[in-house]
Amino acid sequence: MSGSKKKKVTKAERLKLLQEEEERRLKEEEEARLKYEKEEMERLEIQQIEKEKWHQLEAKDLERRDEELEELYLLERYFPEAEKLKQETRLLSRWKHYIQCDGSPDPSVAQEMNTFISLWKEKTNETFEEVIEKSKVVLNLIEKLKFIVLETPPSDLQDKNIIQYQESILQLQELLHLKFSVATEILLRQASTLADLDSGNMEKVIKDENVTLYVWANLKKNPRHRSIRFSETQIGFEIPRILATSDIAVRLLHTHYDHVSALHPVSTPSKEHTSAVTELVKDIKNVEKAISKEVEEESKQQERGSHLIQEEEIKVEEEQGDIEVKMSSAEEESEAIKCEREMKVLSETVLAGKHWRTDGISNVSYKPKERLVTFSLDTFGPVTLIQDAHINMPYQSWELRPLDVNKVLLTVTTVFTEIQIQIKENLCMLSSIKLKDKKHISILEGTWMTPIPFIIALKEAGLNIFPTRHSHFYVIINNKVPLVEVKAYRQMALLSSAFAFGWSKWNLLCNSTKVVFKVREHLTEECTENPNWALLMFSGDRAQRLKIKEKSEAFSEALKEETEFHSTLYHMVKDFASKEAMEKVRSSNCQFVNSVCHMLLSTRLLSYS
């Protein structure tokens, strides 16, 4: 008989096995419970220790807060010192103008401006060349008036003065435009003597640094001459047959300044904004006045900043019809920037100053190599190239790093461009522009200017990285509490001579009452391949070094081991900085610190990145 018989398990044995299995399960559960309780106790104990340590650090921070704020206040003397120097510069400028005795009026004195305008109004029969020469003085006066409004502190500038300056600007703009029109009429009276030998029609080009005039008069009325191009230029136009046989003249007035947009009076919302911010800083000992003043200046600049519109004006005396115009831009603009622009025409119903419109323009083409724009118009009127004011916002990243003594490099990277700005003393300079990683040459490069003229020049060149108080309506931003931003920018400026600062992705994840950025000591101009950045979080009243790194997977506000809280960024970096770096910070130039702060406030890197 093959095989073996299976042994039967008795009921008693089965019960015993079940009992043993149950005992094992209970034992494992008990061991797991004890392990969990132990781990939970250890966790709670660690939490308690960390909580006690946190409270101790908070208490220590609170204990030395007054001392740290007092030391910060002493450092912030740079800002009033810089303002005092600005005031002295303004007074010196007025004195130089007074002793110059060149016949030009003082733009800040209403009586002198009124006399200048009245005398020029009375002058008649001026040639176009004479008006162009006079326009240099007029445009210089307009620029000076704008800078007076922008650069004078609110405390020294009354509303009536602002209105006076704006009225002077408007009168000068209107009178200059009228003078150009009258001079064009005088020129057309000489049309027969200026006739072209080949076509028999009048053709005249007068070119200057600010204005270029192209005038064509149809003397022969030859229907075959419908395509006109001014000699030795790329400027020309085509007219329909009906106009080719009519008594007409065409003027193309290309100005390098905006003479079409009306000057709207500046209202006082900037003051309302300022008072709101000032209300927020009541609890700040000894720095209330300085901070509110900085915010006022920033708000005033943004509210009253100019927005240049490059334009070509086309006018005709009689008939309307289809006309094709070819133009080449005289500005140093990139293809990427130019492609972001639209051709816009101002129709007859909009001449009262309502808005620009795009209808009436067709067949628009742009040849990058020839820098040639071609388009057709349904009617004659002013034409302008307009760029989206917020195309460079929000920024992709930014970095501020020292270059030399009282000299830094601010790099702002946008979707299309990388803009590098050097700042030294009270001057700024466009260092370089990269478009899609390719260097682009700009006429602004290498030119040092004070901050406000520099900002205006960049905006006019299509490099707008300066948000206004309304920009958040057009750009998705990482909005931060204004007071936190202002405090951060001021203290970053104070440290900028010895420390580099940079964008951090974690700034997007912390709430609006806090900002996060990278910082490291930087005493040499050389750039290291793998810099050792520290991550700082700042709430305006407390600075702390974060435990996480830029490449960490998740955001945490946990404090880095063996670090403490501080009331200021200055004292936070002092914990890990060298004596040389802190000495460099304490010996910074006041104008340099003020200029860096001005650029940080103007770009608002922490909210618009």
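**Figure 1. Salt bridge between Glu583 and Arg586 in helix α13.** Glu583 pairs with Arg586 in a salt bridge whose closest N and O atoms are 3.7 Å apart. The model shown here and in the other views is predicted. Both residues belong to helix α13 (residues 579-586), where they are 3 residues apart, about one turn of the helix. An α-helix has 3.6 residues a turn, so residues three or four places apart point the same way. Glu583 is partly exposed, with a relative accessible area of 44%, and Arg586 is also partly exposed, at 35% relative accessibility.

**Figure 2. The two faces of helix α13.** The buried residues of this helix are Ala581, Met582 and Val585. Viewed down the axis of α13, these buried residues fall within an arc of 95 degrees, so they line one face of the helix.

**Figure 3. Salt bridge between Arg25 and Glu29 in helix α1.** The side chains of Arg25 and Glu29 form a salt bridge, with an N to O distance of 2.6 Å. The two residues lie in helix α1 (residues 11-75), 4 residues apart, which is about one turn of the helix. Arg25 counts as partly exposed, at 36% relative accessibility. Glu29 is likewise partly exposed, with a value of 43%.

**Figure 4. Salt bridge between Lys514 and Glu557.** The side chains of Lys514 and Glu557 meet in a salt bridge at 3.0 Å, N to O. This pair links distant parts of the chain, 43 residues apart: Lys514 is in the loop between β17 (499-502) and β18 (515-521), and Glu557 is in the loop between β20 (543-545) and α12 (569-574). Glu557 is partly exposed, at a relative accessible area of 31%.

**Figure 5. Network of salt bridges at Glu133, Lys136 and Asp208.** Side chains of opposite charge can pair when their charged atoms come close. Here Glu133, Lys136 and Asp208 are linked in a network of salt bridges. The count of salt bridges in the model comes to 15.

**Figure 6. Surroundings of the buried residue Asn218.** Asn218 is located in the loop between β2 (211-217) and β3 (227-229). At 5% relative accessibility, this residue counts as buried. A polar atom of the Asn218 side chain lies 3.0 Å from the backbone oxygen of Ser246. Apart from neighbours within four places in sequence, the residues in contact with Asn218 are Asn201, Leu243, Ala244, Thr245, Ser246 and Ile248.

**Figure 7. Hairpin of strands β1 and β2.** Strand β1 (residues 202-207) and β2 run antiparallel and are joined by 6 bridges. A hairpin of 3 residues connects β1 to β2. Within the pair, Ile206 stands opposite Leu213 in β2.

Figure 8. Strands β12 and β17 run antiparallel and are joined by 2 bridges, and Glu399 stands opposite Gly502 in β17.

Figure 9. Met393 and Pro394 are joined by a cis peptide bond with an omega of about -5 degrees. Pro394 is in the loop between β11 (382-387) and β12 (397-404). Asn125, although not a glycine, has a positive phi of about 55 degrees. Asn125 is found in the loop between α3 (110-122) and α4 (128-151) and is exposed, at 58% relative accessibility. Asn363 is not a glycine either, and has a positive phi of about 55 degrees. Asn363 lies in strand β9 (residues 361-367) and counts as exposed, at 59% relative accessibility.

Definitions and conventions
Residues are numbered from 1 along each chain as its sequence is written. This is a predicted model: local features need pLDDT of at least 70, side-chain atom pairs count only at pLDDT 80 or more; totals for chains, interfaces and linings use all residues. Side-chain values use heavy atoms; hydrogens and water are left out. Buried means under 20% relative accessible area, exposed over 50%, partly exposed in between (1.4 Å probe, protein chains only). A salt bridge is a side-chain nitrogen of Lys or Arg within 4 Å of a carboxyl oxygen of Asp or Glu. A polar contact is a pair of N or O atoms within 3.5 Å; within protein, one must be able to donate a hydrogen and the other to accept it, and residues adjacent in sequence count only if both atoms are side-chain atoms. Contact means heavy atoms within 4.5 Å. Two strands pair if DSSP finds at least two bridges between them. The arc is that of the directions from the helix axis to the C-beta atoms.
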